[in-house]
Amino acid sequence: MNTPAPSAGRAASGATAEPPATTTAATGASAEFGSPPILALKRATVRFAGGGLPVWDGLSLSVSRGESLCLLGASGCGKSTVLRVMAGLQPLASGEMLTAVRSPAFVFQEPALLPWADLERNVGLPLQLAGWTAAAKEQRVQAVLERVGLTGRERALPHELSGGMKMRASIARALVMQPDLLLMDEPFSALDDPTRQRLQADLLQWWQVQGFALCFVTHQVAEAVFMASRVVVMGAQAGHIVAEFRVDEPFPRSADFRRSARFHERCVAIGDALAAAGSSIRSAA
Ligand SMILES: Nc1ncnc2c1ncn2[C@@H]1O[C@H](COP(=O)(O)OP(=O)(O)O)[C@@H](O)[C@H]1O
Ligand SMILES: [Mg+2]
């Protein structure tokens, strides 16, 4: 893939930062073997208005092209803030972010669909805002609706869709702009278990087909192990990285993986790291 190295972006200091020579050296956190980073935070901190301590104690973290990275940690440790910074929605107080991301997309826990607009209009909204013609927009929306399994529901209003369908619509609205980085903040936590597991598998399929980097937050260790190629555990205090795990399991991942001993071993290891980090998250699915 012919892709640029990350350039200095949104550096809090205003200083020009050199592109990282290697992912590991530049970020202090290892990344996908052989893949260059698409984004790297270096000793980053965020401070909210009203004073108080910074959210992180100098966070260094990279996202590689095409990887599926999961952030785990106790509530309040700064996971959502990481995603907001990566999306360019939150400035840094210090440190810097090197980024080659051209088209980030965000999926929240709530599908956040426009209640008065049908599915086609909801999914096509980013294209409309970007000034696409009606014909081009329709073609892209149809293709994405087919990908997420919502063909035939174009005229449905959000309240006519199930929770799983609403989340599919929300993901479709993110995929429609063909993001190179998809950020997801606890996207499936409101769904029942079978719906959640179907969406996990489907999302991995879309991730493989479209080739974007995925960075997601979950409170479920089993979800992290099933979906991620790398899991980063953030400390309960000062939001630094206390543990990192590679999930060396090939994609696509099947239901058999969920039932395997290696799956459960990883859940236990990551659950233990969370417990050691001062988290109350349980490792059971
Ligand atoms: N807009 C804000 N203003 C002030 N404090 C905030 C704001 N957003 C988050 N925080 C604080 O920053 C810390 C990290 O928040 P967050 O990133 O949402 O954590 P997490 O997603 O891990 O639960 C928390 O202590 C939270 O209260
Ligand atoms: Mg959060």
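How many residues of strand S3 (residues 59-64) are buried? Five of the six are, so S3 is mostly covered; here, buried means that 20 or more other C-beta atoms lie within 10 Å of a residue's own, exposed means 12 or fewer, and partly exposed is in between, with C-beta atoms placed from the backbone.

Before the close-ups, some housekeeping. This is a predicted model, where local features need pLDDT of at least 70, side-chain atom pairs count only at pLDDT 80 or more, and totals for chains, interfaces and linings use all residues. Residues are numbered from 1 along each chain as its sequence is written, while chains are lettered from A and ligands numbered from 1 in the order in which they are written.

**View 1. Strands S2 and S3 side by side.**
Strand S2 (residues 37-45) pairs with S3 in the antiparallel sense, over five bridges. Two strands count as paired if DSSP finds at least two bridges between them. Look for Leu39, which stands opposite Val63 in S3. Helices (H or I, at least four residues) and strands (E, at least two) are DSSP runs, numbered from the N terminus; the chain has nine helices and 10 strands.

**View 2. Trp56 in its loop.**
Trp56 sits in the loop between S2 and S3. Trp56 counts as buried because 28 other C-beta atoms lie within 10 Å. Leaving out residues up to four places away in sequence, Trp56 touches Ala44, Thr45, Val46, Gly78, Ala238, Gly239 and His240. Touching, or being in contact, means that the C-beta atoms of two residues, placed from the backbone, lie within 7 Å. Val82 is 26 residues from Trp56 along the chain, and their C-alpha atoms are separated by 9.4 Å.

**View 3. The shell around ligand 1.**
Here you can pick out Phe48, Val55, Gly73, Ser75, Gly76, Cys77, Gly78, Lys79, Ser80 and Thr81 around ligand 1. A residue makes the list if its C-beta atom, placed from the backbone, lies within 6 Å of the molecule. Helix H2 (residues 79-86) gives the largest share of this shell, three residues. Sorted by class, the shell has three nonpolar, six polar and one charged residues. For this sorting, Ala, Val, Leu, Ile, Met, Phe, Trp, Tyr, Cys and Pro count as nonpolar, Asp, Glu, Lys and Arg as charged, and the others, Gly among them, as polar.

**View 4. The six-stranded sheet.**
Follow the open sheet in the order S6-S7-S8-S4-S9-S10, and you'll find mixed pairing. Its edge strands, S6 (104-107) and S10 (241-246), each pair on one side only. Inside the sheet, strand S4 (residues 68-73) and strand S8 (residues 213-217) run parallel, joined by four bridges. Cys70 has Phe216 in S8 as its bridge partner.

Glu244 has its place in strand S10. Glu244 is partly exposed because 15 other C-beta atoms lie within 10 Å. Val233 is 11 residues from Glu244 in sequence, and the two are 6.1 Å apart in space, C-alpha to C-alpha.

**View 5. Helices H3 and H5 together.**
Helix H3 (residues 119-129) packs with helix H5 (residues 163-175) at an angle of about 30°, and their axes are 7 Å apart. Axes are lines fitted to C-alpha atoms, for helices over the stretch in contact, and angles run from 0 to 180 degrees between N-to-C directions. On the H3 side, Leu119, Asn122, Val123, Leu125 and Pro126 meet Ala169, Ala172 and Arg173 in H5.
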